[in-house]
Amino acid sequence: MSTSIKHRGLNRRELLRGVAGSALALGLTGVAGRAFAQDQQLVFWSQFAGSKRAAGEALEAAFKAAHPERNLVSTLYAEPPQLNEKILTSINGNTAPDLFVQHWDYNLTYAAGDRMLDLGEALDVDMTALDPSLLAYGHINGAQYSVPMYGTSRGIGFNRALVTQAGLDPDAPPTTWAELREWAVALTRRAESGLLEVAGFSMFHNDLEAWETFTIFLQGAGGSLLSDDLSTPTFAGPEGVKALTFLYDLLYADKVTDLGFGLGPGGLASPFNTGRAAMIIAGNYSTNNALRAGIEFDVAPIPMEGGGFTSIVDPFCYAVPRDARNTEGAVAFIEFALSPEQQVAFAVESKNVPVLKSAQQDPAVQADPYLSKFVHTASFAPAKAPAIPAFSRLVTIIARAVQEAMFNRTSVENALTSAAAEVQTILDRG
Amino acid sequence: MTFRSGAADAPAFNQNLGAYLFLAPALLILFLSLLLPAAATIGMSFTDISFLRPTNFVGLDNYLRLLSDGRFQQAVFNTSYYTLGVTLPTMVLGLLAAVALNRRFPFRVAFRTIFYLPVLTSLIAAAVVWVYIYEPYSGPMNGLLVSLGLPPQPWLQSPNLAMTALIIMAVWRDFGTAMIIYLAGLQDIPEEIYEAARLDGAGKFAILRRITVPMLSSVTFYLMIILIVQSFQVFGAIYVMTGGGPLGSTETIVFQMYQTAFGYTEFGYAAAMSTVLFFVILLFSIVGTKIMRKGEA
């Protein structure tokens, strides 16, 4: 056999060398090709899920059409905590994406560890064209580590049918706390047994909403969560006590709702969407479910104690890991997403408040009866944001304090003072 | 001298080489997937690791912080209450169901299957269904109470009731497992013992108390350890049904660990919680095993 191979000019050893060499060459070509392909990829982890899904898909399709040279590879995550787990582990495994969009408070946590790119320097975008109250949520340690795609805003959501039944004018919503209280009392319906049939004002359905409701009324009383330099909690002052006492009185003196009423998963089965609550603190994300549930939904700005309005905004922001492989592609995507056309298209499709100020006033956005009202309520949000890395802990502590007072476990003053002390410890820890 | 004799009697290492080689893949997987992460967790508990900022060695700081952390203490209480609340009723109901279904009667297999079905159900799906069952205004649980002339209850909305509501759901889900294990144990009790007891005039309750329960003691201890370990690690149902609320009344150690690690990025502190939980479970397992061995002896 050996002779026959020799006869053809190739011995066994040469054959084996040839096979090994070819295999090595093929392998190296494959690895190099794969590495090259990966370099060209723009890996995007998206949180445009639920009501934002269609808008997110349209944005990605438009980007691919406008930038055929960029190989956008996106993965969708249903919830911010799910995306957070992936990002935390990937940052440490050096497998982080080039770009992601996430709820703002998570981005601040990553930024505090100096793991994010300063987008203020990287982007070729006029930052003054963006809504400053939304932009403030991505600003930490003197840099703009994340940039919002859109925000949500809050207003008083009410059921027009129930308001009319109660003899109130749905076109003249409350403009002070006293009027809000009158509406809540008038809208409350109880059976003879005392069983709550319709809550005049359903306050909160989970921890996040407990924090949110308190914060809104704190602002309504002229207070704020933190000092201007974000180093001291200020929510336990007279304004905080006034806000929580107002909520406590609505519950116990006016009985406009029951404690725990509607605590649960929410969605279409929430008290508001089943006609068992006449007023709530609503976000623009409330619109689709309310309309789908057949509620005559309307929204008005949230009154402050003695007149004027307030709100909070809550942005979802883009961020780019400092060690991203395709920073250039990531920056190109953000710039594309912040263009007027994409901002308007995303807002109209997803019913969210665009970050670009010109898009907020665009005729297409203003033509949407609900979105336009939420754009209006967003304008009452404070320009200063509680942008601290420990924000999620702050929410838990305040929500616990609010509920401790509401469940009569402690007084309003004690609940807020203890919470402020706890928050101070966390702020001091850095 | 004894050790010399033992050493001399032991087969040489190379005689057992084959056995070690066969065990090696399993041991390697066990080491990589279980022992290494466990050791890493214990190591992390002495640091302030966040995976985002530089890590510092903090000694026993995390453990000292646990001692003064009111929320952790509440989580320990909640976990203990849940464990106790789930373990005992599950075992009692499982035993009663097993004894009842160990007899021959029509549709016995169908009943066994029905009782075991909750174990096979997806936890998340079951939790979503139970949220609906507990819905205070339109849920079937309060519908039943009202039809009996009792006032409706805010099952998952009240800090005083929420954990009990979770316990009821866990017992519903787990007692099928207890039933199957007890049924297997009942097959090992010789029929002659029951016949002898009946000839001696023992009643049904006396037979259950004097023969069945003592003869199932090793099964009972095994089951108890399984249920305790499982209950200490409860997470999924709480995540779906209450999110730890209201007022932290359903926040357990594992839930708090998850929140501390991924919500607050304090992985070192969460590792300390995890280590404490590990040693508590280990303690229960060792004590349980010793009691079981003593009982068998």
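The following legends describe several views of a predicted model. Local features need pLDDT of at least 70 and side-chain atom pairs count only at pLDDT 80 or more, while totals for chains, interfaces and linings use all residues. Residues are numbered from 1 along each chain as its sequence is written, and chains are lettered from A and ligands numbered from 1 in the order in which they are written.

**View 1. The helices of chain B.** Chain B contains 14 helices and zero strands. Helices (H or I, at least four residues) and strands (E, at least two) are DSSP runs, numbered from the N terminus. Its C-alpha atoms fill a box of roughly 70 × 65 × 30 Å along the principal axes. The radius of gyration of chain B is 24 Å, whereas a compact globule of 297 residues would have a value near 19 Å. This radius is taken over C-alpha atoms, and the globule rule is 2.2 Å times the number of residues to the power 0.38.

View 2. An unreviewed UniProt entry places the feature "domain: ABC transmembrane type-1" at residues 76-288 of chain B. Over residues 76-288 the chain is 75% helix and 0% strand, and the end C-alpha atoms are 20 Å apart. Under "transmembrane region", the unreviewed UniProt entry lists several stretches of chain B, including residues 154-172 and 267-287. UniProt positions are given in the numbering used here, feature names are shortened, and annotations may be inferred rather than shown by experiment. Residues 154-172 of chain B are 58% helix and 0% strand, with end C-alpha atoms 20 Å apart. Residues 267-287 of chain B are 100% helix and 0% strand, with end C-alpha atoms 30 Å apart.

**View 3. The contact between chains A and B.** Chain B contributes 21 residues to the contact and chain A contributes 24 residues. Two residues are in contact if their C-beta atoms, placed from the backbone, lie within 7 Å. The chain B side has 11 nonpolar, eight polar and two charged residues. Ala, Val, Leu, Ile, Met, Phe, Trp, Tyr, Cys and Pro count as nonpolar, Asp, Glu, Lys and Arg as charged, and the others, Gly among them, as polar.

**View 4. Helix α14 of chain A.** In this helix, residues 340-350, the buried residues are A:Q342, A:Q343, A:F346, A:A347 and A:S350. A residue is buried if 20 or more other C-beta atoms, placed from the backbone, lie within 10 Å of its own. Seen down the axis of α14(A), the buried residues fall within an arc of 125°, so they line one face of the helix. The arc is that of the directions from the helix axis to the C-beta atoms. Just after α14(A), A:K351 takes a positive phi of about 65°.

How values were computed:
A residue is buried if 20 or more other C-beta atoms lie within 10 Å of its own, exposed if 12 or fewer, and partly exposed in between; C-beta atoms are placed from the backbone.
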